[in-house]
Amino acid sequence: MFTGLGTAMITPFDQETNVDYNSLRSFVEYQLDNGVDSLIVLGTTGEAPAIEEDEREKIVNTVIEVVNKKVPVIVGTGTNNVNHVLKNNKMAESAGADGLLIVTPYYNKSTQKGLVEYFKYISERTTLPIIMYNVPSRTGMNIIPETAVSIHENCKNVIGVKEASGNIAQIGELFSIKPDSLKVFSGNDDQVLPIMSLGGDGLISVASNVAPRPFVELTHSILNNDLEKARKLNNQFMKLNKLLFKEVNPIPVKYAVSLLGLCENVVRLPLVKASQETEKLLKEEMERLNLL
């Protein structure tokens, strides 16, 4: 799919909370100009649960048009309704997406056996490669290492996993049992160094919405075994990583991107704008990092 840095993109809205397609185009150009290796559309950071069906299709088409095959475009299509997932997959296929990011079902949680059957059912009904998305803090459902390997072995087009469990011991166990063909992407900016040092292929990043170039450099430094540079960059941006999750993602990152003039500071309910304290801390840190 890709190695290095994939940005988990925001979805820009105007002051009336309509999708701002002009800002979306500008934001994609900004990411491409800063050398990202992939773009992930309509994931958690893109407020996917709050996006209408007609908006979803137009957002995906807009991103793919602007990217124009310069980098892979991966579309978040996961829900907790398998038929909705299949419908979203068909839309992504028709638009010309390069891959799918599919989260584990939420609320109607599955067993581990159910997860294998779920991904198998979906994978048999799409031609696109799939990245599993493991984010228990959002879904209440964890993909354990043995299950991730089983899904990969039973589904020829499930090629990777975005690991956002936050459990480094579990992720280390996954590396110890997985085949080389199963790719692992860090789903947490603050864990990219340990996960990629274990053998991970890249990072699906929130922070690269704000600072794409440094996170390209960070991931590529690890891939090139330049750990001295990687450690320096990792330490330099750790505070920003933490501040971007001081409130529920993507609340802080929307404000941070708005400071760059690339979107309005607007989120859709049930999300609300960041507190004044969070905004103050973020602005100060972005100034310290010379991002403003």
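A cavity, on a 1 Å grid over the protein atoms alone, is a set of points where a 1.4 Å probe fits but cannot get out, and its lining residues have an atom within 4 Å of a point.

The model you see is predicted, with local features needing pLDDT of at least 70 and side-chain atom pairs pLDDT 80 or more, while totals for chains, interfaces and linings use all residues. Residues are numbered from 1 along each chain as its sequence is written, and side-chain values use heavy atoms, leaving out hydrogens and water.

I start with the cavity. The structure holds 1 cavity of 30 Å³ or more. Which residues line the largest cavity? They are Ile143, Pro145, Ala148, Val161, Glu163, Gln170 and Leu174. Helix H6 (145-154), strand S6 (158-163) and helix H7 (168-177) each give two or more residues to this lining. Helices here are DSSP runs of H or I with at least four residues, and strands are runs of E with at least two, numbered from the N terminus.

Next, a helix pair. The axes of H2 (residues 53-67) and H3 (residues 82-95) come within 10 Å and cross at roughly 30 degrees. That makes H2 roughly parallel to H3, a label for angles under 35 degrees. Axes are lines fitted to C-alpha atoms over the stretch in contact, with angles from 0 to 180 degrees between N-to-C directions.

Which H2 residues meet H3? Glu53, Arg56, Glu57, Val60, Asn61 and Ile64 do, against Lys87, Asn88, Met91 and Ala95 in H3; contact means heavy atoms within 4.5 Å.

Terms used: Angles under 35 degrees count as roughly parallel, over 145 as roughly antiparallel, 65 to 115 as roughly perpendicular and the rest as oblique. On a 1 Å grid over the protein atoms alone, a cavity is a set of points where a 1.4 Å probe fits but cannot get out, and a pocket is an open set with protein on both sides within 12 Å along at least five of seven lines; lining residues have an atom within 4 Å of a point. Grid points are joined across faces, edges and corners, and a volume is the space filled by probe spheres set on the points.
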